[in-house]
Amino acid sequence: MSGIQESVIIRTVVRIMVPFIQLFALYVIMHGASGPGGGFQGGVIFGAAIILYAMIFGISEGKKKISDSFDRILASTGLTIYAATGLACIIFGGMFLQYSAVPLLPDTALVSKYLIDLVEIGIGITVLAVMISLFFDISPPESEAGEVEE
Amino acid sequence: MIWILDITLLFFLVVCAIAAISIKDLLSSIIILSAYSLIMAIVWVEMHSVDVGFTEAAVGAGITTVLFIATLARTEGRSED
C-alpha cells in the first residue's frame with residue numbers, strides 16, 4: 001500500500017466525489033441528443049469514477065464492486081441494446097437505426113427521441129465496461145502496485 | 001473568437017508538446033501530455049466544437065493518463081534515448 005491509498009483526505013474526498021461523478025455521467029448520457037455529450041463521453045466519465053474508486057481503495061476492492069464476469073456481461077448487454085434497437089427498426093420496415101419506423105407511439109418524433117436515448121444508454125454501458133476492464137487488465141497486481149506513486 | 005486567447009493557448013500547446021517529447025522522466029512526460037490534452041480541450045471549445053472538446057477532456061486528460069501511469073507502474077519509468 002502506498003502513501004496516497006492511506007491518506008484520509010484522499011479516501012474521504014473520493015468517497016464523497018464518486019456518486020456525484022456518476023450522477024454527472026448519467027446527466028451527460030441523457031442529454032447527449034440535445035446538448036454536448038453523449039453515450040461515449042458519459043460512459044467514459046462513469047468508467048473514470050469507478051477507476052478512481054479502484055485506484056484509491058485498491059484493485060481488489062474495485063473488483064468486488066464490478067467483477068470480471070459482471071464486466072463482460074455489461075459490455076455485451078450494452079452492445080445488445082444498441083443492436084436490438086437498430087434491428088427493431090429493420091423489423092418494422094425501416095432502415096438500420098431509422099427510429100421513425102417503429103410504431104411505438106403515434107408521434108414519430110417522440111419515438112425517435114426515446115430510441116436515441118436508448119441507443120445512448122447502450123453505448124454508455126459498453127464504453128464504461130470496456131474502460132473498466134482496460135484499467136483492471138493493464139494495472140499492476142496488488143503486491144507491486146504503488147511503486148510509481150512514491 | 002478571441003484571438004489573443006487563441007494565440008496564448010496555441011503557444012502553451014506547442015510548449016507542452018515539445019516538453020512532453022523532450023523530457024527524460026516518463027511520469028513527468030505523462031503529466032505534461034495530460035496538460036496538453038486539457039489545453040487542447042479548451043482549444044476545441046474555443047473553436048465551437050464542444051462535443052469534441054468534451055471527449056478530449058474525458059478521454060485525453062482522464063482515461064489515457066490513468067492507463068499510461070498504470071503501464072508505467074509495470075515498466076522502468078525512464079527513457080533510454
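The two chains of this predicted model meet in a contact that draws 17 residues from chain A and 18 residues from chain B. Look at the chain A side. The largest share comes from α3(A), with six residues. Sort the side of chain A that touches chain B by class, and you find 13 nonpolar, three polar and one charged residues. The scores for the model are ipTM 0.84 and pTM 0.86.

Now take chain A as a whole. Its secondary structure comes to six helices and zero strands. Follow chain A from the N terminus and the elements run α-α-α-α-α-α. What are the dimensions of the chain A C-alpha trace along its principal axes? The trace spans about 60 × 25 × 20 Å. The radius of gyration can be set beside this. Chain A has 19 Å, but a compact globule of 150 residues would have a value near 15 Å. Of the 150 residues of chain A, 29% count as buried. Contacts also reach along the sequence. Take those in chain A between residues at least 6 apart: 65% of them join residues at least 24 apart.

Next comes the inside. The largest nonpolar core has 41 residues, and Val44(A), Ile45(A) and Ile51(A) touch the most other members. From chain A, α2 (8-30), α3, α5 (68-91) and α6 each supply at least two residues, and so do α2 and α3 of chain B. Zoom in on Ile45(A). Which residues does Ile45(A) contact, leaving aside its neighbours within four places in sequence? Its partners are Ile21(A), Phe24(A), Ala25(A) and Val28(A), together with Ala58(B) from the other chain.

Tyr99(A) sits in the loop between α5 and α6 of chain A. Is Tyr99(A) buried or exposed? Tyr99(A) counts as buried because it has 21 C-beta neighbours inside 10 Å, and the cut-off for buried is 20 or more. Not counting residues up to four places away in sequence, Tyr99(A) touches Cys89(A), Val111(A), Ser112(A), Leu115(A) and Ile116(A). Compare that with Lys63(A). The C-alpha atoms of Tyr99(A) and Lys63(A) are 37 Å apart in space, and the two residues are 36 apart in sequence.

Turn to chain B. Three helices and zero strands make up its secondary structure. Read along the sequence, the pattern is α-α-α. The C-alpha trace of chain B spans about 45 × 25 × 10 Å along its principal axes. Of its 81 residues, 20% are buried. Among contacts in chain B with a separation of 6 or more, 49% are between residues 24 or more positions apart.

Ile2(B) lies in the segment before α1 of chain B. Ile2(B) is exposed because 9 other C-beta atoms lie within 10 Å, and 12 or fewer is the cut-off for exposed. Its C-alpha atom is separated by 8.4 Å from that of Glu46(B), a residue 44 places apart along the chain.

Then comes α1(B). At 1.5 Å a residue, its 20 residues should span 28 Å, and its end C-alpha atoms are 29 Å apart, which agrees. How many of the 20 residues of α1(B) are buried? The number is zero, so α1(B) lies largely in the open.

Helix α2(B) has its own buried residues. They are Ile30(B), Ile32(B), Leu33(B), Tyr36(B), Ile39(B), Met40(B) and Ala41(B). These buried residues pack against α1 (3-22) and α3 (50-72) of chain B. An α-helix has 3.6 residues a turn, so residues three or four places apart point the same way. The length of α2(B) also checks out: its 21 residues, 26-46, should span 30 Å at 1.5 Å a residue, and its end C-alpha atoms are 30 Å apart. Just after α2(B), His48(B) takes a positive phi of about 60 degrees.

Last, consider confidence in chain B. Its average pLDDT is 89, and 94% of the residues score at least 70. By helix, confidence is highest in α1(B), at a mean of 93, and lowest in α3(B), at 90.

Definitions and conventions: Residues are numbered from 1 along each chain as its sequence is written. Chains are lettered from A and ligands numbered from 1 in the order in which they are written. This is a predicted model: local features need pLDDT of at least 70, side-chain atom pairs count only at pLDDT 80 or more; totals for chains, interfaces and linings use all residues. Two residues are in contact if their C-beta atoms, placed from the backbone, lie within 7 Å. Helices (H or I, at least four residues) and strands (E, at least two) are DSSP runs, numbered from the N terminus. Ala, Val, Leu, Ile, Met, Phe, Trp, Tyr, Cys and Pro count as nonpolar, Asp, Glu, Lys and Arg as charged, and the others, Gly among them, as polar. The expected span of a helix is 1.5 Å times one less than its number of residues. The radius of gyration is taken over C-alpha atoms; the globule rule is 2.2 Å times the number of residues to the power 0.38. A nonpolar core is a set of buried Ala, Val, Leu, Ile, Met, Phe, Trp, Tyr and Cys residues joined through C-beta atoms within 7 Å. pLDDT is the predictor's confidence in each residue, from 0 to 100.
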